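Welcome, and please open the model in your viewer. We will go from stop to stop, selecting one piece at a time and looking at what is there.

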Amino acid sequence: QLKSCTVLACEMPFTLAEKEGSVVSGIIDSVLQMAQGDYWVVDYKTDQISSEGVDALFEKYKPQLTVYKQAAQQLFPGKNVRCSAVFLRAFAVKDL
């Protein structure tokens with residue numbers, strides 16, 4: 001899938017105003033546009049884990065990925081946004 005994507009940003013800073021009034025800032029590792037026009041937010045994880053530990057660790061990162069996805073949805077309104085954690089050392093990808 002990556003071959004057919006266009007890289008829109010690497011290390012993209014964002015600021016997100018949440019509904020309850022708080023403001024969240026962060027940096028998204030990669031924002032890609034997929035061939036069919038959807039967007040893909042990718043967060044690379046370098047934790048020392050095996051493939052068996054990915055599911056449990058993914059739960060830890062879900063809140064962070066949720067914020068990244070919300071930021072991308074504001075940036076690309078009305079578009080489909082996929083959000084994934086790529087666990088580099090476990091050779092695994094988990095979608096939000």
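## Stop one: the sheet

Show the strands, and you will find an open sheet of five, in the order 1-2-3-4-5, with mixed pairing. Strands here (E, at least two residues) and helices (H or I, at least four) are DSSP runs numbered from the N terminus, and two strands pair if DSSP finds at least two bridges between them. Strand 1 (6-17) and strand 5 are the edges; each has a single partner strand, so one side of each has no neighbour in the sheet. From one strand to the next, the twist averages 35 degrees; axes are lines fitted to C-alpha atoms (for helices, over the stretch in contact), with angles from 0 to 180 degrees between N-to-C directions.

Before moving on, a word about the model. It is predicted, so local features need pLDDT of at least 70 and side-chain atom pairs count only at pLDDT 80 or more, while totals for chains, interfaces and linings use all residues. Residues are numbered from 1 along each chain as its sequence is written, and side-chain values use heavy atoms, leaving out hydrogens and water.

Select residues 81-87, which are strand 4. Are they mostly covered or uncovered? Strand 4 is mostly covered, with six of its seven residues buried; buried means under 20% relative accessible area, exposed over 50%, and partly exposed in between (1.4 Å probe, protein chains only).

Look for Val 41 opposite Cys 83, and for Tyr 44 opposite Val 86. On the other pairing, strand 5 (residues 92-95) meets strand 4 in the antiparallel sense over four bridges, and Phe 87 stands opposite Ala 92.

Strands 4 and 5 form a hairpin with four residues between them, and Phe 91 in the turn has a positive phi of about 55 degrees. Phe 91 counts as exposed because its relative accessibility is 78%. Select Ser 51 as well: Phe 91 and Ser 51 are 40 residues apart in sequence, yet 7.3 Å apart in space, C-alpha to C-alpha.

## Stop three: helix 1

Next, select residues 54-75, helix 1, which makes a right-handed β-α-β unit with strand 3 and strand 4. Right-handed means that, with the strands pointing away from you, the path from the first strand over the helix to the second runs clockwise.

Where is the kink in helix 1? A kink of about 50 degrees lies at Tyr 61, shortly before the proline Pro 63; the bend is the angle between axes fitted to the seven residues ending at a residue and the seven starting there.

## Stop four: the core

Finally, show the largest nonpolar core, which has 24 residues. Such a core is a set of buried Ala, Val, Leu, Ile, Met, Phe, Trp, Tyr and Cys residues joined through side-chain atoms within 4.5 Å. Among those with the most contacts inside it are Phe 14, Val 41, Tyr 68 and Phe 87. Helix 1 gives the most to this core, with nine residues.

End at Tyr 68, whose contacts (heavy atoms within 4.5 Å) include Phe 14, Ile 28, Val 41 and Cys 83, not counting residues up to four places away in sequence.
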